[in-house]
Amino acid sequence: MLDSRDARLTALAAPLGLNVDAPLVIGGQYCAVLQYGELLYVSGQVPRVGNQVQVTGAAGDAASLDDARRAAEICALRALILLRQQLGTLDALAQVLKLNVYVQSAPGFTQQSEVADAASALLAQVLGAAGHAARTSVGVAQLPKNATVELDLQAARRVG
């Protein structure tokens with residue numbers, strides 16, 4: 001087992017083409033991460049690798065449950081990469097406090113929590129207990145760039 005949070009992140013991100021040291025493409029004029037004291041706010045992340053959104057369309061229609069879960073994992077990886085870049089190391093992270101997962105959903109699709117579970121599991125895989133967060137998962141009609149999933153999160157930096 002990889003012994004550091006940064007090593008676990010790198011091991012999960014690299015096969016998807018995500019470089020944990022390279023700046024991530026963001027989709028507009030906003031702060032990707034805002035730090036206020038010990039609190040960190042990560043703006044909404046879609047499943048983008050490079051310039052390409054990897055999973056698009058409504059879950060339960062153009063995207064399967066498995067596709068949507070993969071999208072949630074990519075979004076969570078992007079959020080962790082941004083936190084690592086902000087803090088220098090994920091070891092400086094005390095806790096993920098709140099995770100919000102938005103799933104573009106076809107009519108009748110009700111498995112938003114199962115999609116969000118993939119992001120929650122990835123956070124726990126990389127961060128251990130510090131990755132367990134309060135969470136909201138909701139279905140929405142549309143997301144930017146036709147992404148299947150978007151997530152944002154709030155976290156706290158270690159003090160001292």
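**Entry 1: Ala 118**

I looked up Ala 118 and found it in helix H3. The model I am reading is predicted. Is Ala 118 buried or exposed? I note Ala 118 as buried, because its relative accessibility is 1% and the cut-off is under 20%.

Next I listed what Ala 118 touches, leaving out residues up to four places away in sequence. The contacts are Arg 69, Ala 72 and Glu 73. I also checked Ala 118 against Asp 66. The two are 52 residues apart in sequence, and their C-alpha atoms are 9.4 Å apart in space.

**Entry 2: Gln 112**

I stayed with helix H3, which covers residues 112-127 and includes Gln 112. Gln 112 also counts as buried, because its relative accessibility is 12%. Which residues does Gln 112 contact, beyond its neighbours within four places in sequence? I found Val 103, Ser 105, Ser 137, Val 138 and Gly 139.

**Entry 3: the sheet**

I then traced the open sheet. Its five strands run in the order S1-S2-S7-S5-S6, and the pairing is mixed. Strand S1 (33-36) and strand S6 (134-140) are the edge strands, each pairing on one side only. I noted an average twist of 15 degrees from one strand to the next.

Inside the sheet I picked the pair S5 and S7. Strand S5 (residues 93-104) and strand S7 (residues 149-157) run antiparallel and are joined by nine bridges. Val 96 stands opposite Ala 155 in S7.

**Entry 4: helix H2**

Last, I checked what helix H2 (residues 65-87) lies across. The strands are S1, S2 (39-45), S5 and S7. Helix H2 runs at about 35 degrees to S7.

Notes:
Residues numbered from 1 in each chain as written. Predicted model: local features only at pLDDT ≥ 70, side-chain atom pairs only at ≥ 80, totals over all residues. Heavy atoms only, no water. Helix = DSSP H or I, 4+ residues; strand = E, 2+ residues; numbered from the N terminus. Buried < 20%, exposed > 50% of the residue type's maximum accessible area, 1.4 Å probe, protein only. Contact = heavy atoms within 4.5 Å. Pairing = 2+ DSSP bridges. Axes fitted to C-alpha atoms, helices over the stretch in contact; angles between N-to-C directions.
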